[in-house]
Amino acid sequence: MSKDEVADALDEIGTLLELKGENAFRTNAYHNAARVVQQLPGDLKQLVADGKLGAVRGIGEALSLKITTLVTTGKLPYLEDLRASIPAGMVELLRLPGLGPKKVKALHDLLGIDSIEKLKAACESGQVAKQKGFGAKTQDKILEGIRFRDQVGHRVRIDYALPLGTALLEQIRGFPGVIRSELCGSLRRRKETVADLDILVSSADAQPIMDRFVKLPEVLQVLGQGPTKSSVLAALHVHGTKVTMQADLRVVEDDQFPFALHYFTGSKEHNIRMRQRAIDRGLTLNEYALANDSRSVPCKTEEDIFAALGLPYIEPELREDTGEIEAGEVKKLPALVADRDIRGVFHNHTTYSDGVASLEDMALACKKLGWEYFGVADHSQSLTIARGLPPGAVRKQWAEIDRLNAQLSGVRIIKGSEVDILEDGSLDYSDELLAGFDYVVASVHSLFNMPEADMTARVCKALSHPAVTMLGHATGRLLLKREGYKINLDEVIKTAATFGKMIEINAQPSRLDLDWKYVKQARAMGVPIVINPDAHSPWELGLYTFGVQVARRGWLTKDDVFNTRGLDDVMKELARRKGVK
DNA sequence: GCCGTTTTCGGCCCGACTGTTTTCAGTCG
């Protein structure tokens, strides 16, 4: 069982125990352990085999036993018994806004409700409003929630969430009385998907700002409105898709702004650690202040808060409690790579395969972005659905590249290919043809359903090929749509390190693959990362910024990213690699 | 269920808002 699968199982135990009315600290221990397991570096099986699980913070004796059973047998009788004792529909009820474990349990105990259908019927007949602790408003809210359930509570990709958040923020910035304002939450931490929007404003007078906020044209529905906090459902059309999200606005006094900014940026886990740090220093940190009964530490910015707690500034992307506090203590935080560091890209397509723009137009678009090189990597021959290039077309493309490079100034086209990794791990072109490219991106585009061990062997074999420069989209995942194929990434990263290969961060917001957690692992093993937009049009070249965000979440510095190097350096390195096994 | 310079018990982050209450429990982030 993989880390993610074990984490899912532990999360499920936590949720099921909540529905049984278990102590919240006990259920939280399961949810916490799920997170810990998911972010554990290295191979979980190995850790279990070495008996080192119990040494991990957050995993004690009982959880260690359960995880060991999960990893070694692939199942857990304790979880199966729990599942059998709780109707599956109850878990689904938890997703309705306003319904938590206590209310769902009460509905089940009092009215026998164990599905959305039964709950809907009970609300419509007025039964729910008659129960103790429930009322007419709760009943209406539940019905509303059932009506909206397909739109609300789902995560949204960052490329959709960001335009909606920005549209709201820009309007709020125009309200009279707004002093400072920012998008917080996971959006500020640049997570690949976002559940809701957190907007923070400082002002001396909150009420008029609230009144204006709930009347913005994007607002579909007001979910709640208090003196300092309002929640709405807001919608915007982004690239032809209607994006609907919950947006929460908080208004604080301006001297509270840095504390609130830090607090609402999260993550929750990072905040808990920071609060603990404050407690250790005899202070309390909350969204309004860093203080105790006798004194208050004034902070004008987030930097001041970190400094007051003995830490350098920690970038929002790092605030996940995955070691940033420890690294900060010893001044070992990375200077994160930024958009401006990128000087070219390697994985892109043109009209030769499934792109929509010519070689020249793509190269000129790169030049416009201030880049020195455009690496073209059209699909290889087997991928007929994407008009993969037969060898003759490859040679024709090379001739055109040579011609263009002679004409163009300020940007250089580099000859590459996105070569399919075939079923047996061999590559989709002959070694002779492969030798003619400056670099090769190797990617899987077929047979996604192979068993994990076979897929891992397939990709690792491809990585051992001397012509391969980098691995493309490592798991093939499509965020919120399709899980990646089953593959042991620990093994893949290790193999990349062994053969001196690079791994791509595919910057398409639908992929963002390699996932940031593994980016961090690749960095630790010295595997260079390449940020590639996988652009099929000039416009898509701009998507590289989402890849930079993943790189930042993965702790990468400029030096860890290959395409921060200049053209001469890149060409020299590619030539060197071609001669190296 | 985890954890320990209060180490085998008793804490575990904490505030805003809502709805149902008449002083507070539940939910959410």
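Which side chain has an N or O atom 2.9 Å from a phosphate oxygen of DNA strand B? That side chain belongs to Tyr30. The model is predicted, and the points below should be read accordingly.

1. Ala136 takes part through its backbone, with an N or O atom 3.3 Å from a phosphate oxygen of DNA strand B.

2. Surroundings of the DNA strand. DNA strand B is surrounded by 43 residues, and the closest are Gly58, Gly60, Lys103, Gly135 and Lys229. Of the atoms of DNA strand B that come within 4 Å of the protein, 78% belong to sugar and phosphate. Elements that contribute two or more residues to this surface include the helices α2 (24-38), α4 (61-73), α7 (101-111) and α10 (136-148). The strands β4, β5 (219-225) and β7 and the helix α15 (268-280) also contribute two or more residues each.

3. Strand β4 and its partners. Strand β4 covers residues 196-202, and six of its seven residues are buried, so the rest of the structure largely encloses it. With strand β2 (residues 180-183), β4 runs antiparallel, the two being joined by four bridges; here Glu182 stands opposite Leu200. With strand β7 (residues 241-252), β4 pairs in the parallel sense over seven bridges, and Ile199 stands opposite Leu249. As a general point, side chains in a regular strand alternate between the two faces of the sheet.

4. Aromatic pairs. The whole structure contains nine aromatic pairs. In one of them, the ring centres of Phe346 and Tyr373 are 5.5 Å apart and the planes meet at 40°, so this pair counts as tilted. The two residues are 27 positions apart in the chain and link distant parts of it: Phe346 belongs to the loop between β10 (344-345) and α18 (359-368), and Tyr373 to strand β11 (residues 373-379). Both Phe346 and Tyr373 are buried. Phe448 and Tyr485 form another tilted pair, with 5.2 Å from centre to centre and 55° between the planes.

5. Accessibility in the second pair. Is Tyr485 buried or exposed? Its relative accessible area is 7%, so Tyr485 is buried. Phe448 has a relative accessibility of 25% and therefore counts as partly exposed.

6. Ring cluster and charges over rings. Ring pairs join Phe346, Tyr373, Tyr439 and Phe562 into a cluster. Elsewhere, Arg553 lies over the face of Trp516, 4.5 Å from the ring centre. Lys103 lies over the face of Phe134, at 6.0 Å from the ring centre; Lys103 is also among the residues closest to DNA strand B.

7. Annotated span. An unreviewed UniProt entry lists residues 344-423 as "domain: Polymerase/histidinol phosphatase N-terminal". In the model this span is 34% helix and 22% strand, and its end C-alpha atoms lie 31 Å apart.

Note on methods: Residues numbered from 1 in each chain as written. Chains lettered and ligands numbered in written order. Predicted model: local features only at pLDDT ≥ 70, side-chain atom pairs only at ≥ 80, totals over all residues. Heavy atoms only, no water. UniProt positions renumbered as here; feature names shortened; annotations may be inferred. Buried < 20%, exposed > 50% of the residue type's maximum accessible area, 1.4 Å probe, protein only. Pairing = 2+ DSSP bridges. Phe/Tyr/Trp six-rings, centres within 6.5 Å; stacked < 30°, edge-to-face > 60°. Lys NZ or Arg CZ within 6 Å of the ring centre and 35° of its normal. Near = heavy atom within 4 Å. Polar contact = N/O pair within 3.5 Å; in protein donor to acceptor, adjacent residues only side chain to side chain.
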